[in-house]
Amino acid sequence: MNEILKSIKTPAYVCEEAKVRKNLELLKYVKEQSGAKILVALKGFAFSGVMDLVGSYLDGATCSGLHEAKFASEYVKGEIHTYSPAFKDEDFDEILKISKHITFNSFAQWQKFKGIALQNGVICGLRVNPEVSLAPTDSYNPCGKFSRLGTTRANFKPELLEGITGLHFHALCEESASSLQTVLEAFDEKFGEFIPKMKWINMGGGHHITRADYDVELLIKIIRRFREKYGVEVYLEPGEAVGWQTGFLISSVLDIVHNEKDIAILDTSAEAHMPDTVLMPYRPAVRGESENGKFAYRFGGNTCLAGDIVGLEAGDAEYKFDSELKIGDRVIFEDQIHYTIVKNTTFNGIKLPDLLLLKENGEIKMIREFGYEEYRRRN
């Protein structure tokens with residue numbers, strides 16, 4: 001592994017095939033034991049280099065609009081489900097051709113596109129808002145006050161349900177099976193009278209199924225009970241759970257400056273390449289850090305943003321090591337495959353990290369190599 005790491009041109013996201021397979025094996029187990037269908041949510045995990053593998057375990061992909069749907073049609077096997085808070089007229093015909101399922105956010109959108117959707121034989125659903133969520137922050141709470149995502153019970157119009165065969169809710173973010181149970185109770189209370197009229201229910205994403213402490217057996221019981229009660233097909237659409245702990249972002253130390261503290265300037269960026277460390281926020285683990293290490297550093301991005309410091313927004317920007325860092329050393333941020341490549345930017349013209357796949361046989365495969373062209377096309 002050390003020789004492999006030395007050979008990598010930085011910055012680069014490295015996805016590990018064996019770890020993706022391990023997550024997929026667990027998700028397959030949930031499918032088999034619960035009877036649910038599981039889709040990969042491309043909004044959280046869209047690493048093209050392993051989409052063939054994903055397709056061999058899961059039932060398809062869920063997409064947030066035309067471009068994700070096109071990506072799914074190119075790289076993912078199985079069903080394609082598409083949901084958007086609002087569909088654009090110029091996109092909808094192409095979405096219809098690609099998607100098996102389309103979920104509408106409101107009755108207004110449903111009425112606008114109902115005719116053409118049904119004419120094309122698409123399975124149609126409506127997203128509802130159960131108004132209960134255990135999401136950690138307002139930014140990640142789709143059921144928070146004034147949310148635009150999904151129709152609340154107060155705005156629900158049963159008389160317009162003709163043609164709708166399923167309901168979709170999404171209320172979780174890195175949550176447990178017991179959190180799903182809490183949300184499901186609210187969903188049942190508000191919309192239970194309409195479920196017998198449906199053929200399927202989509203329980204959205206945010207299920208942290210592949211996290212070590214997740215109660216997989218409870219999830220299986222919850223889904224089984226729901227399916228037995230209502231006789232409907234159940235979908236789950238995790239993204240993060242597919243890509244959870246499946247790879248890292250590798251960077252190089254370009255310089256070390258001192259201003260009361262030692263600051264290592266890297267060829268990567270929290271702001272541009274690890275956006276959720278700023279938005280969530282959280283402090284990513286670094287390979288080789290030591291709680292009692294004698295050498296402490298801040299990691300600064302190679303951008304002009306003063307706050308582009310890893311871990312700063314989470315309140316802990318100091319990393320300790322047993323050995324002194326030197327210019328040219330590699331710094332590896334763990335678990336940087338989900339919600340990174342789908343959200344990163346070329347802020348300041350900084351290079352996007354390349355996408356590499358560490359295959360199960362030990363081979364490193366270049367999936368995407370980036371350079372100036374990505375910045376030029378955006379400006």
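Student: What is the volume of the largest pocket?
Tutor: Good place to start, and keep in mind that this is a predicted model. The largest pocket is lined by 44 residues. Its volume comes to about 950 Å³.

Student: Which residues lie nearest the centre of the largest pocket?
Tutor: Let's look at the lining by class to begin with: 16 residues are nonpolar, 18 are polar and ten are charged. The elements β4 (60–63), α9 (240–243) and α11 (276–279) each supply at least two residues of this lining. Nearest the centre of the pocket lie Lys43, Tyr140, His170, Leu172 and Tyr339.

Student: Is aspartate 276 buried or exposed?
Tutor: Aspartate 276 is found in helix α11. Leaving out residues up to four places away in sequence, aspartate 276 touches Tyr140, Pro281, Tyr282, Tyr339 and Lys343. Buried means under 20% relative accessible area. Aspartate 276 has a relative accessibility of 9%, so it counts as buried.

Student: Which element gives the most to the lining of the second largest pocket?
Tutor: The second largest pocket has a volume of about 770 Å³, and 20 residues line it. Phe71, Ile341, Val342, Phe370 and Arg378 lie nearest its centre. The one that gives the most, with four residues, is α4.

Student: How many residues of the lining of the second largest pocket are charged?
Tutor: Let's go through the classes one by one. Nine residues of this lining are nonpolar and three are polar. The charged ones number eight.

Student: Why is the pair of phenylalanine 71 and tyrosine 75 called tilted, rather than stacked or edge-to-face?
Tutor: The structure holds 19 aromatic pairs, and this is one of them. Planes under 30 degrees apart count as stacked, over 60 as edge-to-face and the rest as tilted. The ring centres of phenylalanine 71 and tyrosine 75 are 4.6 Å apart and their planes stand at 40°, so the pair is tilted.

Student: Where do phenylalanine 71 and tyrosine 75 lie?
Tutor: Phenylalanine 71 is partly exposed, at 21% relative accessible area, and tyrosine 75 is partly exposed too, at 24%. The two are four residues apart, about one turn of the helix. Both lie in helix α4 (residues 66–75).

Student: How many residues apart in sequence are the parts that tyrosine 297 and phenylalanine 321 tie together?
Tutor: These two form a tilted aromatic pair, 6.3 Å centre to centre with 55° between the planes. Both tyrosine 297 and phenylalanine 321 are buried. Tyrosine 297 lies in strand β13 (residues 295–300) and phenylalanine 321 in strand β14 (residues 319–321), so the parts tied together are apart in sequence by 24 residues.

Student: Which ring does the charged end of arginine 283 sit over?
Tutor: There are two arginines to look at here. The charged end of arginine 287 sits over the ring of phenylalanine 248, 4.7 Å from its centre. For arginine 283, the charged end is 3.9 Å from the centre of the ring of tyrosine 319.

Student: How far apart in space are glycine 362 and methionine 1?
Tutor: Glycine 362 has its place in the loop between β16 (354–358) and β17 (364–368). At 34% relative accessibility, glycine 362 counts as partly exposed. In sequence, glycine 362 and methionine 1 are 361 residues apart. In space, C-alpha to C-alpha, they are apart by 8.5 Å.

Notes: Residues are numbered from 1 along each chain as its sequence is written. This is a predicted model: local features need pLDDT of at least 70, side-chain atom pairs count only at pLDDT 80 or more; totals for chains, interfaces and linings use all residues. Side-chain values use heavy atoms; hydrogens and water are left out. Rings of Phe, Tyr and Trp (its six-membered ring) pair if their centres lie within 6.5 Å; planes under 30 degrees apart count as stacked, over 60 as edge-to-face and the rest as tilted. Buried means under 20% relative accessible area, exposed over 50%, partly exposed in between (1.4 Å probe, protein chains only). A charge sits over a ring if NZ of Lys or CZ of Arg is within 6 Å of the ring centre and within 35 degrees of the ring normal. On a 1 Å grid over the protein atoms alone, a cavity is a set of points where a 1.4 Å probe fits but cannot get out, and a pocket is an open set with protein on both sides within 12 Å along at least five of seven lines; lining residues have an atom within 4 Å of a point. Grid points are joined across faces, edges and corners, and a volume is the space filled by probe spheres set on the points. Ala, Val, Leu, Ile, Met, Phe, Trp, Tyr, Cys and Pro count as nonpolar, Asp, Glu, Lys and Arg as charged, and the others, Gly among them, as polar. Contact means heavy atoms within 4.5 Å.
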